[in-house]
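Hi everyone, thanks for coming.

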Amino acid sequence: MRKQSHRSRAVLAVLAAAVLGVAGCDAVGGDSPGPSGTGAQKAKPSPKPTPDWDSSPASVAAVGDSITRGFDACSVLSDCPEVSWATGSSAKVDSLAVRLLGRAKAAERSWNYAVTGARMADLPGQMTRAAVQKPALVAVMTGANDACRASISAMTSVADFRTDFEDALSRLRTASPKTQVYVASVPNLKRLWSQGRTNPMGTRVWQLGICPSMLADPNVLDAAATERRDTVQQRVEEYNEVLEEVCAKDRHCRFDGGAVYDFRFGTDQLSHWDWFHPSVNGQARLAEIAYRTVTGRS
């Protein structure tokens, strides 16, 4: 018991020393390669048939936020791109790139341009950098940080979210017209709150500033707190509607059908550093969902 207490205090000390909200706020930059692929779990996506869709793309680029960087999956307050669901090299994850390309080719033909803390406003810039590689497939996962803000009023508007996503796809199309795009839905933040709030360590860490719009005062269940969480949840659902609608207008784009949003992340799938980001196991589940969507047929 004493060892566990010392460990908990040490973890909290490190977290408190870090910049508030690295797990759910702003950042810029980002560029790293990677590979990883296996497993099979029941999934919801049944993508609509897409004209000219190649289920065996020859290269993969990833854009997005901390989830795609493997943040807090390997160690506290650190990116761990080797376990990224999209391009990671870890055999424990079997990333989308590894499943599609094989481990050796994935090491040479996959790129990770995601940035911890990024929001949809950052996606056009990331997509521009990814397009330079002329990838056969770009994997997109972003939007959680647009909802994870310091307050409800600070969340990205649905209109701005749509404009930035359309801009990102437009930039890709200008530079690489035939690149395919896989778009993951924004995770169910309220379900993550429901899972993590049962862990005392997790709720203590959340108080340091992780996704405050949803996770602040996690054990308060009064009307105001409930309305706040419901408002965030509604915004996430609206973001997913935008992702689906915009993607449907692009013949080389596939949305996951809400599979990531619907996935029930349990304690094994959440980082035990912050009880919010996916663990290595959670990253593997995201890779499975992506692979099923990319390779699925009508």
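Please find helix α10 first, where Arg235 and Glu238 sit three residues apart, about one turn of the helix. Keep in mind that what you see is a predicted model. Those two residues form a salt bridge, and their closest N and O atoms are 3.4 Å apart. Arg235 has 19% relative accessibility, so it counts as buried, the cut-off being under 20%. Glu238 is partly exposed, at 25%.

Take Asp250 and Arg173, whose closest N and O atoms are 2.8 Å apart in their salt bridge. Asp250 belongs to the loop between α10 and β6, while Arg173 belongs to helix α6, so this pair ties together parts that are 77 residues apart in sequence.

Next, Asp94 and Arg103 form a salt bridge with 3.3 Å between the closest N and O atoms. Here Asp94 is buried at 4% relative accessibility, whereas Arg103 is partly exposed at 38%.

Now back to α6, the helix that carries Arg173. It has 18 residues and reaches 26 Å from its first C-alpha to its last, close to the 26 Å expected at 1.5 Å a residue. Besides Arg173, the buried residues of α6 include Phe161, Asp164, Phe165, Ala168, Leu169 and Leu172. What covers them? The cover includes α4, β4, α5, β5 and our friend α10.

That brings us to the interior. In soluble globular proteins, nonpolar side chains tend to be buried together. The largest nonpolar core here has 76 residues, and the members touching the most others are Trp85, Tyr182, Val183, Leu189 and Phe276. The element that gives the most to this core is α10, with seven residues.

Finally, zoom in on Tyr182. Leaving aside residues up to four places away in sequence, its contacts include Trp85, Leu137, Val138, Val260, Ile289 and Val294. Arg254, Asp256 and Thr293 are also among the residues that Tyr182 touches.

Thanks, everyone, and I'm happy to go back to any of these views.

How values were computed:
Residues numbered from 1 in each chain as written. Predicted model: local features only at pLDDT ≥ 70, side-chain atom pairs only at ≥ 80, totals over all residues. Heavy atoms only, no water. Salt bridge = Lys/Arg side-chain N within 4 Å of Asp/Glu carboxyl O. Buried < 20%, exposed > 50% of the residue type's maximum accessible area, 1.4 Å probe, protein only. Helix = DSSP H or I, 4+ residues; strand = E, 2+ residues; numbered from the N terminus. Core = buried A, V, L, I, M, F, W, Y, C linked by side-chain atoms within 4.5 Å. Contact = heavy atoms within 4.5 Å. Expected span 1.5 Å × (residues − 1).
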